[in-house]
Amino acid sequence: MPVDGLPTALDGVYLDLAAVVLDAGAAAVEAVPAWFALLTERGVPAPNVRGNLGVDPLGGLARTGRRWEGPVGEWARRCVVDFPGLRAMTVDATAYHDAGGSDAQELGCALAAGVAYLRELTDAGVAVPAAFGQLEFRYAATADQFATIAKLRAARRLWARVAQVCGVPEAGAQRQHAVTSAAMMTARDPWVNMLRTTLACFAAGVGGADAVTVQPFDACLGLPDGFARRIVRNTHSLLLEVERVGGMAAALGSGLVADRLAATWQRRAENLAHRRDPLTGVSAFPNLAERLPARPPVPATPTGGLPRYRYAEAYESPRDRAEAHAVNTGTRPTVFLATLGPPAVYNARAGFAANLFAAGGVTTVRPSADDDAPDRFAADFTASGATVACLCSSGRTYVERAEPVARALSEAGAVRVWLAGPPADHRGVDGYLYADCDAVSVLETTLRDLGWLPGWCSRSRNSATCNVGPHTGEVTGQLTTWFGSTPATTWPDHLPQSAPR
């Protein structure tokens, strides 16, 4: 960002509340005067200004091989006199970490640079205690949390010793700014960087850093997008909130963690339900012919704390009910696909609809011939034994034929008529299947319309399954269905009388 862009970048920022740290490198010669001018222009009370000018000539030398010169002593004196909450200099030790240095080498270089800056400031007339107060130290925080914690603690002890030797032990508190390590970041599989930076952020906080900067997970790929910046912000926010309420135990007890997780799960579940996050083999490309290996049921896990979710359970629950239906009755729940027009017109949407229904264990059947006469569709629908139908074709064909075919299917006994395509105003159509529709809701509705309502479902326990008359809505029978054991454990005598044997 150019120096003249500083006012624009800070437009709307309350400079008397928000601390600002400059990182201008050699451009500090122009950036620092511009910052002072901006503070004067906006009338910010000097005692309220906080932050750091970020002046680090030795860090620039380490990174670029060139040391820039500027009135560092003058800036430091102005900070001491006019802006007591503003520091002038940064000792950026991450340059030595990024160059392959060990933790000990990073600390040693930081101490050496810090002592050099003390000499420069005192030579410029800044008192020794004030000179100590003008320095901020920047360290790398890595995913090795224990080493990071130890490094930050050791840095404070070492700097306190420097202050003691200088005769001002009371000025030996070191202000630390931890930055998640750039050296540990990867360009391949960059999402794992979220784990690395979360560990590093936690270690920096536990280690006592006064400020923590988390690098975005895609830092190796270029400028971060909005998602990466939001993850970085939330990493800080979550850790800060947990500590603010008294630690992790207090956060669990107060419901803070549960509430945050519930909100996140709600968004995740919505994406799963709408298949924005598809689950291969479950919500996308399900295999109705698969046979699961038989395994003993898993012992019940303790409950009472945070809930436990699996991403696939919203799809596997209705599919389990459909599988139980197939085992107990000999037939799968079935939806009739009314394919309008030639195959080239309806195949894409018919395949889409079949895939969606299969995610809930529901099979589909098509007409016996490509005949678009409404009465022919009605006859094939009746012969299929289905009670739910779905129209499949192109948008143009729907305009011409959807209404009479939907009416014929309803008159033939269809309790619900879906249409594969975006929502539109087609009379006789009860719902629409499209790329972003709520697939879980479609499956639940379809199984309900087909006459099978759940009690509850789990692979490790039994559940009550009801048979419901599709036209009356009355419960006509109930059976116990077992998951995790053989179908023989459901006795034929328990089958509802209205279900085919």
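**Exercise 1. Which residues in α15 meet which residues in α16?**

The model is predicted: local features need pLDDT of at least 70, side-chain atom pairs count only at pLDDT 80 or more, and totals for chains, interfaces and linings use all residues. Residues are numbered from 1 along each chain as its sequence is written, and side-chain values use heavy atoms, with hydrogens and water left out.

*Solution.* 
Step 1. Locate the elements. Helix α15 covers residues 374-384 and helix α16 covers residues 395-411; helices (H or I, at least four residues) and strands (E, at least two) are DSSP runs, numbered from the N terminus.
Step 2. List the contact (heavy atoms within 4.5 Å). Pro 374, Phe 377, Ala 378 and Phe 381 of α15 meet Pro 404, Val 405, Ala 408 and Leu 409 of α16.
Step 3. Sort by class. This contact has eight nonpolar, no polar and no charged residues. Ala, Val, Leu, Ile, Met, Phe, Trp, Tyr, Cys and Pro count as nonpolar, Asp, Glu, Lys and Arg as charged, and the others, Gly among them, as polar.
Step 4. Axes are lines fitted to C-alpha atoms, for helices over the stretch in contact, and angles run from 0 to 180 degrees between N-to-C directions.

**Exercise 2. Describe how α6 packs on α8, and name the residues of the contact.**

*Solution.* 
Step 1. The axes of α6 (residues 103-123) and α8 (residues 145-165) come within 10 Å and cross at roughly 30 degrees. Therefore α6 is roughly parallel to α8 (angles under 35 degrees count as roughly parallel, over 145 as roughly antiparallel, 65 to 115 as roughly perpendicular and the rest as oblique).
Step 2. The crossing of α6 and α8 is right-handed.
Step 3. From α6, the contact takes Asp 103, Glu 106, Leu 107, Leu 111, Gly 114, Val 115 and Leu 118; from α8, it takes Ala 147, Lys 151, Ala 154, Ala 155, Leu 158, Trp 159 and Val 162.
Step 4. Those residues comprise ten nonpolar, one polar and three charged.

**Exercise 3. Is the crossing of α2 and α4 left-handed or right-handed?**

*Solution.* 
Step 1. Helix α2 (residues 28-41) and helix α4 (residues 72-82) have axes 12 Å apart, at an angle of about 25 degrees. That angle makes α2 roughly parallel to α4.
Step 2. Their crossing is left-handed.
Step 3. Ala 28, Val 29, Val 32, Pro 33, Phe 36 and Thr 40 in α2 meet Trp 75, Arg 78 and Cys 79 in α4.
Step 4. Seven of these residues are nonpolar, one is polar and one is charged.

Notes: Left-handed = near helix turned anticlockwise from the far one by under 90°.
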